[in-house]
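Thank you all for coming.

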Amino acid sequence: MSQSLNSEAPTTEDPILQVQAENDALVQRVNEQITLETFDATDKTVLKQLVEGLGDPRGLVRLRFAETLGEIGEPATPFLVEALANHSNVVVRRAAAKTLTIISDPRAVPNLLHAFLNDEDTVVRSSAAGALARTGEASVPALLEILASDKHPQDIKGHAAWALAFIGSEAADHLYKALNAASLDVRCAVIGALGHVAQEQSDEKSCNLLVSALTDPEALIRTEAAAALGQVNYPPSVPHLILAIHDTDLDVRKAAINSLGKIGDRAALEPLQALLNDEQEVVRVLTKLAIAQIERQSNEDDW
């Protein structure tokens with residue numbers, strides 16, 4: 001039997017393709033308005049639509065939405081933090097955190113902190129940590145609190161320490177105050193961050209604090225300080241690192257040997273050569289490498 005002439009033809013329009021077409025049109029229209037300086041940053045409906053666009057299945061389109069929201073800046077913050085806190089689509093939460101990294105609005109710190117500590121998705125948590133780092137000084141007190149707390153696992157503390165180091169010189173005043181904190185995790189993270197401050201600014205105060213930390217009662221702090229001085233390449237630290245190669249803790253000795261090799265000061269050659277017969281094989285191996293580094297740098301300098 002033939003089909004009735006009055007029956008409707010089946011629709012061929014794919015709802016996913018329709019949404020994608022709408023997203024393409026939205027982001028193009030908004031970018032044109034931004035270029036012409038006619039975009040209304042108080043239009044809540046459009047800002048919500050742009051945040052929803054962060055859930056587009058196409059990665060490049062999500063990136064375009066993120067860049068557009070980043071261009072809009074702080075007016076988009078309330079909509080992004082709302083999505084970060086409550087959106088059911090994990091892709092939107094991830095992209096919201098990454099977009100907040102672009103905007104770096106201090107107002108987002110409490111929401112970023114909550115997502116960093118509580119979101120069930122590891123990408124959201126790490127992206128929130130990245131946004132906290134990018135936001136800078138406003139994030140520092142919260143990061144130090146995380147490091148000082150016994151409630152948080154080591155992976156969270158590791159991200160917090162990384163964020164603190166990333167912030168670097170912008171956090172310097174907070175770091176100086178926190179260096180004498182009761183928490184070993186705080187002090188260890190501060191030493192690592194001070195290394196970044198010293199690298200960024202050739203900061204004499206930070207370098208001197210690192211040198212002083214070579215005699216800290218805690219071996220972990222001495223190890224971090226010795227390693228940081230090698231990254232900073234601070235020649236006045238060489239005599240202190242030479243003393244540290246005889247530390248009672250093996251990790252401190254290893255870090256000091258490595259740093260002397262990186263700094264490349266020939267004054268370290270004789271003390272290092274005395275370690276070539278050390279009872280610890282790892283010390284002998286690292287010493288040979290450090291001596292080779294110093295001699296190579298010395299030869300390059302001769303040229």
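When I speak of contact, I mean heavy atoms within 4.5 Å, and the helices I name are DSSP runs (H or I, at least four residues; strands would be E, at least two), numbered from the N terminus. Before going further, please note that this is a predicted model, in which local features need pLDDT of at least 70 and side-chain atom pairs count only at pLDDT 80 or more, while totals for chains, interfaces and linings use all residues. Residues are numbered from 1 along each chain as its sequence is written, and side-chain values use heavy atoms, with hydrogens and water left out.

Let me begin with helix α4, residues 77-86, whose buried residues are Thr 77, Phe 79, Leu 80, Val 81, Ala 83 and Leu 84. Here buried means under 20% relative accessible area, exposed means over 50%, and partly exposed lies in between, with a 1.4 Å probe and protein chains only. Those buried residues of α4 pack against α2 (44-52), α3, α5, α6 (109-118) and α7 (122-135).

Two of those partners, α3 (59-72) and α5 (90-103), also each supply at least two residues to the lining of the largest pocket. By pocket I mean, on a 1 Å grid over the protein atoms alone, an open set of points where a 1.4 Å probe fits, with protein on both sides within 12 Å along at least five of seven lines, and lining residues have an atom within 4 Å of a point. The space in this pocket is about 170 Å³, a volume being the space filled by probe spheres set on the points. Its lining consists of Leu 54, Arg 62, Leu 63, Ala 66, Val 91, Arg 94, Ala 95, Lys 98 and Val 123, and α5 gives the most, with 4 residues. By type, the lining divides into 6 nonpolar, no polar and 3 charged residues, where Ala, Val, Leu, Ile, Met, Phe, Trp, Tyr, Cys and Pro count as nonpolar, Asp, Glu, Lys and Arg as charged, and the others, Gly among them, as polar.

Turning to helix α1, residues 15-36, we find Asn 23, which counts as buried because its relative accessibility is 11%. Leaving aside residues up to four places away in sequence, Asn 23 touches Gly 53, Asp 56, Arg 58 and Phe 65.

Leu 229 sits in helix α13, residues 219-232, and is buried, since its relative accessible area is 0%. From Leu 229 to Leu 260 is 31 residues in sequence, and 8.9 Å in space, C-alpha to C-alpha.

Finally, the two loop residues. Most residues other than glycine have a negative phi. Glu 37, in the loop between α1 and α2, has a positive phi near 60°, and it counts as exposed because its relative accessibility is 73%. Asn 233, in the loop between α13 and α14 (238-244), likewise has a positive phi near 60°, although Asn 233 is partly exposed, with a relative accessible area of 39%.
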